[in-house]
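Hi there,

Here is the structure I promised to pass on to you. Have a look at it first, and then read on for what turned up.

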Amino acid sequence: MSPNKIHANDLTYKINPDLSTVDWTYVCELFSKVDWRKREEAEIEAAFRRSSWTLFIYKEDQLIAFGRTVDDGRYYAVLADIIVDPDFQGNGLGKYLVKTLNEQLGDNYHFVNLTAAPGKGDFYKSLGWKKQSTCYIWPQGPKQLRQHTEPEEEAGN
């Protein structure tokens, strides 16, 4: 399926908007649409409210992309929940989200990280992100173990 082509002047970009205006039911639908683990409306709203930066992109009144950052204000920051509706991927929206959120953080952090969705690593590399050699995860289930970890090395290797 080819993406819906859009023009920048058809879009509205909202940085740290009033979160009470966001349709959290639709946010959860977009998580499902990109085949991520199910989100609960109240929980994802609470997570966004605890975020330092949020960015939502609309085409007319339709939410088509969003992302957020989580940080401690100085040392560590994470880009999280970078989602672009698959119907609108290929229009530079993911690149815009990542670039803009990273710019909002500035240069004050020792580490700025993100966890790429399976199969999306090349996208982040194309934006200048580097794969971290020392990052580890505590898998929250078999799917996460399978999708986000490297195979265990055999004993003796």
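Predicted model: local features only at pLDDT ≥ 70, side-chain atom pairs only at ≥ 80, totals over all residues.

The largest nonpolar core has 19 residues, and the members that touch the most others are Ile57, Ile64, Leu79, Ile82, Leu93 and Leu97. At least two residues of this core come from each of β2 (53–59), β3 (62–71), β4 (76–84) and α3 (93–105). Helix α3 gives the most, with 5 residues. As background, nonpolar side chains in soluble globular proteins tend to be buried together.

Leaving aside residues up to four places away in sequence, Leu79 touches Val98, Leu101, Val112 and Trp129, among others. Arg68 is also among the contacts of Leu79.

**A buried arginine**

Is Arg68 buried or exposed? Arg68, which is found in strand β3, counts as buried because its relative accessibility is 12%, below the 20% cut-off. The side chain of Arg68 reaches the backbone oxygen of Ala47 at 3.1 Å. Again setting aside residues up to four places away in sequence, the residues that Arg68 touches include Phe48, Trp53, Asp81 and Ile82.

**Salt bridges**

How many salt bridges does the structure hold? There are 8. In one of them, the side chains of Asp85 and Lys33 meet at 2.9 Å, N to O. This pair links distant parts of the chain, 52 residues apart: Asp85 lies in the loop between β4 and α3, and Lys33 in helix α1 (residues 24–33). Asp85 is buried, with a relative accessible area of 0%, whereas Lys33 counts as partly exposed at 38% relative accessibility.

Another salt bridge joins the side chains of Lys38 and Glu40 (3.5 Å, N to O). Here Lys38 counts as exposed, at 60% relative accessibility, and Glu40 as partly exposed, at 39%.

Lys131 and Glu150 also form a salt bridge, with their closest N and O atoms 3.9 Å apart. Lys131 sits in the loop between α4 (121–126) and α5 (142–148), while Glu150 is in the segment after α5, 19 residues apart from its partner. Both Lys131 and Glu150 are exposed. Finally, salt bridges that share partners join Lys33, Asp85 and Asp87 into one network.

**From the record**

UniProt, in an unreviewed entry, places the feature "domain: N-acetyltransferase" at residues 14–150. Over those residues the chain is 33% helix and 23% strand, with the end C-alpha atoms 37 Å apart.

Definitions and conventions: Residues numbered from 1 in each chain as written. Heavy atoms only, no water. Core = buried A, V, L, I, M, F, W, Y, C linked by side-chain atoms within 4.5 Å. Buried < 20%, exposed > 50% of the residue type's maximum accessible area, 1.4 Å probe, protein only. Helix = DSSP H or I, 4+ residues; strand = E, 2+ residues; numbered from the N terminus. Contact = heavy atoms within 4.5 Å. UniProt positions renumbered as here; feature names shortened; annotations may be inferred. Polar contact = N/O pair within 3.5 Å; in protein donor to acceptor, adjacent residues only side chain to side chain. Salt bridge = Lys/Arg side-chain N within 4 Å of Asp/Glu carboxyl O.
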